[in-house]
Amino acid sequence: MTTLIPTATARVFQYEFSDVLRSRWVTLYALFFFGLTEGLFQFGGTGTGVLLSLLNVVLILIPLVGVVFGALYLYQAREFVELMLAQPVRRGELFAGLYAGLSLPLAGGFVLGVGVPFLLHGGGGATLAMLLAVGVLLTLVFVALAFWLAVRFEDRVRGLAVAVGLWLAGAVLYDGLVLALVAALSAYPLERPMIALTLLNPIDLGRVLLLLHFDVSALMGYTGAVFERFFGSTLGAGVSLTALGLWLIVPLGLGLRRFRRKDF
Amino acid sequence: MTSSVAADACPVCAGIAATGGGRTPGRPAGRWVVSLLALLALIGPVRAQTLVVDPAGPVASVREALAQAEPGARILVRPGIYREGALVIDRPVELVGEAGAVLDGDGTHQILTITADSVTVRGFTFRNVATSFVEDRAAVKVDEAWHVRIEGNRFEDTFFGIYLSRAAYVTVADNVLRGTRATESQSGNGIHLWYSRDVTITGNDVRGHRDGIYLEFVEDSVVEDNHSEGNHRYGLHFMFSDRCAYRRNVFRANDAGVAVMYTAHVEMTDNRFEHNWGPAAFGLLLKDITDSRVARNVFDRNTIGLYAEGSNRVDVIDNDFLANGWAVKIMADAEANRFVRNNFIANSFDVATNSRQHYSTFDGNYWDQYEGYDLDRDGVGDVPFRPVRLFTLLVERNEPALLLMRSFFVHLLDAAERVLPVLTPEALVDTHPVMHRLVR
């Protein structure tokens, strides 16, 4: 085993990784993305067209799968966790192993599923890289959120309900609220608040980072230019990455804290 | 048609000197008049006089040669840098620069003013005409002259490049103009036409000026095969110029695109409007244009592809709108325009408007956002397409909402609105959307 990562984490990761692969869910997940992407190509899509069609699938499905599958997974691993905790294993290492054991296969399945058809057909370029990056980051973020919820709520029905609710809020309702806000406050300059609101929702953040590739012509318009200038700049990229990083670290940290104290 | 004009070196003097005007019958009427006029001017000398300007003498300055020249003379200028201040051509001559012949304005003057008919200026490099906020200084100014040809010259760092005022039957062909001023206010127009008619502007390449090509009060003129790129305002600026046509030009990355205003009977065909990005950048801005045609053009990656305001009876046919922010923005004060057989592909917004009322028609276009079906397989979709989405309207009213583009929630809103239009213009609908991209 490697020396950089704690042995226990690596062991747990190795076990979980093979367990997740054995369960075939990740294989199905990867096959789904492969089938979808390949199908879009077969239906006469060009690289950009396929990416555009994938955009909403990525933004909706990845958070949903991440948050639901993540929560389910941790609930089901309950006995395994109890068994492991009977061994001389530190809780932090166990938690890290579990997290990596699920999120990395999921992210990998997505990258392979989308990436392979693009390798076969060509095209994609920087936009594909951004789509893959956004997909991977959203996977990491929403699995982290799921882990936190699964540790937070003892009752798995409640935990799952909150997970789905969180997804619904982030993926659909949030934008509705923002739209209502924009309409209500149309008399005010809302460019900067809009940027702040975007940073607060990882799904929106991912979407806007992709817009910079798909709709740059529209974004160069009067208001759009403000957005383009921000998100297209080094500062904007840094702020966006930091925001996504916080979305990853904060739930993971909260989850870990609870996991350490939890009485299994 | 015009390429043959451009290739024909000097039809007036050379043709007549060689054949005594024997080739005139086969030519178009306008050119026949040219030849006749030139013939009249040439009645004195039998053979055209040729003067050679060379820095080593005997005639060492263009000014001297111009003073000696008889009407119809050919002045050949050998390579060298000539700093002679403002020169005036007041008689019909052919002024030809050999490669490396530079007329330098020394950073102050206008260089060449043409006040006589039937003058040809060819092959020079014009350089250094300073910015002026008082007068429109130009490298070459044609002032109340007819049948002038300005061809194959290069213009570097000139305020205005070629300036036509009260001119007619002028050809401006195959010139290269490179403005170097940094801002709009400091730079002049590349090719500037004011109060002229029957002018042909063809094969020129204009970059870095204020407006690449500018027409005001110009009639019956043609702008063809030019390339206008990176100018500080418009690639082509076109006002009060009835019955003009522009074809096969490329207008690329100009700060505000192309503007055509206050004009009737304009033919705009086979042009490319590309990459005009910015808060007020249009591929093509039509303001108060009537009875005109926009056909077979390509609008590629502009913030707004085609913007129409107060324009009536304009036919927009067989164009490709590709990857624009807004492919078409059409205001409700534009009436009876027809959008037929255009391709709308990969635009963020296909059509935007400012009202529920709408008086133009869309018919038989290809829309890549069309989701309908074609049960009878005749290539035409069975359900009409409404190119104005609810979200388009929301963005029109509240621009910051733009940041919600492609959000799932917005898709839901659009879908609901499509089923039951409440806010989007009911009349703005393509009843025969074609299923496949129209092949040109």
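Predicted model: local features only at pLDDT ≥ 70, side-chain atom pairs only at ≥ 80, totals over all residues.
## Two helix pairs in chain A

Let's begin with α2(A), which covers residues 25-42, and α3(A), which covers residues 47-76. Their axes sit 10 Å apart, and the packing angle is about 160 degrees. An angle over 145 degrees counts as roughly antiparallel, and that is why α2(A) is described as roughly antiparallel to α3(A). The crossing of these two helices is right-handed. On the α2(A) side you'll find Tyr29(A), Leu36(A), Thr37(A), Leu40(A) and Phe41(A), and they meet Val50(A), Ser53(A), Leu54(A), Val57(A) and Val65(A) of α3(A). Sorted by class, that contact has eight nonpolar residues, two polar ones and no charged ones.

Now for α6(A) and α12(A). Here the axes come within 8 Å and cross at roughly 25 degrees, so the two helices are roughly parallel to each other. The crossing of α6(A) and α12(A) is left-handed. From α6(A), the residues in this contact include Leu137(A), Leu140(A), Val141(A), Ala144(A), Trp148(A) and Arg152(A). Among their counterparts in α12(A) are Leu244(A), Trp247(A), Leu248(A), Pro251(A), Arg258(A) and Phe259(A). By class, the contact of α6(A) with α12(A) splits into 15 nonpolar residues, one polar and two charged.

## Under cover: helix α8

Helix α8(A) runs over residues 191-199, and its buried residues are Met194(A), Leu197(A), Thr198(A) and Leu199(A). What lies over them? The cover includes α7(A) (156-184), α9(A) (202-214) and α12(A) (234-261).

## Where chain A touches chain B

The contact between the chains takes 31 residues from chain A and 28 from chain B. On the chain A side, the elements that give two or more residues are α3, α7, α8, α9, α10 (216-219) and α11 (222-232). Which of them gives the most? That would be α7(A), with eight residues. Taken by class, this side of chain A has 18 nonpolar, nine polar and four charged residues.

## The largest nonpolar core

The largest nonpolar core counts 199 residues. Those with the most contacts inside it come from both chains: Val141(A), Ala146(A), Ile75(B), Val140(B) and Val258(B). Helix α6(A), residues 125-152, supplies the largest share of this core, with 17 residues. Val141(A) also turns up among the α6(A) residues that meet α12(A).

Leaving aside residues within four places, Val140(B) contacts Ile111(B), Leu112(B), Ile114(B), Val121(B), Phe126(B), Ile150(B), Ile162(B) and Tyr163(B).

## Chain B in outline

Chain B has six helices and 38 strands. Of its 440 residues, 50% are buried. Now take the contacts in chain B between residues at least 6 apart in sequence: 49% of these join residues at least 24 apart.

Ser165(B) is found in strand β13(B), residues 160-165. Is Ser165(B) buried or partly exposed? It has 16 other C-beta atoms within 10 Å, so Ser165(B) is partly exposed. Setting aside neighbours within four places in sequence, its contacts are Lys141(B), Val142(B), Asp143(B), Trp194(B) and Tyr195(B). Ser185(B), by contrast, is 20 residues away in sequence and 21 Å away in space, C-alpha to C-alpha.

Tyr195(B), one of those contacts of Ser165(B), has a positive phi of about 55 degrees although it is not a glycine. Tyr195(B) belongs to strand β16(B), residues 191-197, and is partly exposed, with 15 other C-beta atoms within 10 Å.

His147(B) also has a positive phi of about 55 degrees without being a glycine. Its place is the loop between β10(B) (138-143) and β11(B) (149-151).

Key: Residues numbered from 1 in each chain as written. Chains lettered and ligands numbered in written order. Buried ≥ 20, exposed ≤ 12 C-beta atoms within 10 Å, placed from the backbone. Helix = DSSP H or I, 4+ residues; strand = E, 2+ residues; numbered from the N terminus. Contact = placed C-beta atoms within 7 Å. Axes fitted to C-alpha atoms, helices over the stretch in contact; angles between N-to-C directions. Parallel < 35°, antiparallel > 145°, perpendicular 65-115°, else oblique. Left-handed = near helix turned anticlockwise from the far one by under 90°. Nonpolar A, V, L, I, M, F, W, Y, C, P; charged D, E, K, R; others polar. Core = buried A, V, L, I, M, F, W, Y, C linked by C-beta atoms within 7 Å.
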